[in-house]
Amino acid sequence: MGELAYPLEIRAHHLLCLLGFRGLGYSPEFVEKTGKVAKELHLNSTFPITILAECDVICISCPHNKDNKCRKKADSELKVKARDLEVLRRLGLETGTQISAGTIWTRVKERLTPEDIVEICQGCEWLELGYCAEGLEGLETS
Ligand code: SF4
Ligand code: SF4
């Protein structure tokens with residue numbers, strides 16, 4: 001799978017997915033990659049990332065990614081992009097922002113609440129598990 005590239009491209013709503021990651025996912029490759037990214041971005045506060053509203057380092061390992069578009073369902077590409085843009089709006093950031101992992105976690109902690117996740121993530125099959133809201137509540141920043 002190789003090392004993670006610098007800067008790491010992360011679509012905005014995946015910041016929240018990473019907080020709630022507990023080993024569930026769409027394929028073994030997807031789970032391995034997501035776990036690797038989550039671990040790196042939590043352990044290494046200086047890791048540089050670029051925040052996107054399009055397919056990212058996690059989507060690359062997802063079976064629903066077809067030609068760099070989310071094809072999970074017919075309307076998924078539009079919906080996940082809208083979710084990314086809403087996360088960016090609530091974080092006060094623009095697409096393409098380059099930022100360190102530690103700085104983005106601090107901003108997520110300051111600006112988002114579990115209620116934001118409920119609003120932003122309507123329609124996600126993982127939402128009702130509550131893992132992502134719990135991850136946000138437990139997020140420790142330096
Ligand atoms: S509810 Fe779904 S889309 Fe939202 S952060 Fe969790 S896994 Fe990601
Ligand atoms: S391709 Fe779609 S379902 Fe897969 S990780 Fe990316 S946004 Fe999520």
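Me: Taking helices (H or I, at least four residues) and strands (E, at least two) as DSSP runs numbered from the N terminus, in which helix does R90 lie?
Reply: This is a predicted model, in which local features need pLDDT of at least 70 and side-chain atom pairs count only at pLDDT 80 or more, whereas totals for chains, interfaces and linings use all residues. Residues are numbered from 1 along each chain as its sequence is written, chains are lettered from A and ligands numbered from 1 in the order in which they are written, and side-chain values use heavy atoms, with hydrogens and water left out. On that numbering, the element that holds R90 is helix 3.

Me: Which residues does R90 touch, leaving aside those up to four places away in sequence?
Reply: Contact here means heavy atoms within 4.5 Å. With residues up to four places away in sequence not counted, the partners of R90 are R111, L112, D116, E119 and I120.

Me: How far is the C-alpha atom of R90 from that of G35?
Reply: Along the chain, R90 and G35 are 55 residues apart.

Me: Which element gives the most residues to the shell around ligand 1?
Reply: Ligand 1 is surrounded by H13, L16, C17, R83, C121, C124, W126, L127 and C132 (each with a heavy atom within 4 Å of the ligand). Three residues of this shell come from the element that contributes the most, helix 1.

Me: How many residues of the shell around ligand 1 are nonpolar?
Reply: Ala, Val, Leu, Ile, Met, Phe, Trp, Tyr, Cys and Pro count as nonpolar, Asp, Glu, Lys and Arg as charged, and the others, Gly among them, as polar. The shell around ligand 1 includes one polar and one charged residue, while its nonpolar residues number seven.

Me: How many charged residues does the shell around ligand 2 have?
Reply: The residues that surround ligand 2 are R11, H14, Y26, F30, C59, C62, N65, C70 and K72. By class, five of the shell are nonpolar and two are polar, and the number of charged residues is two.
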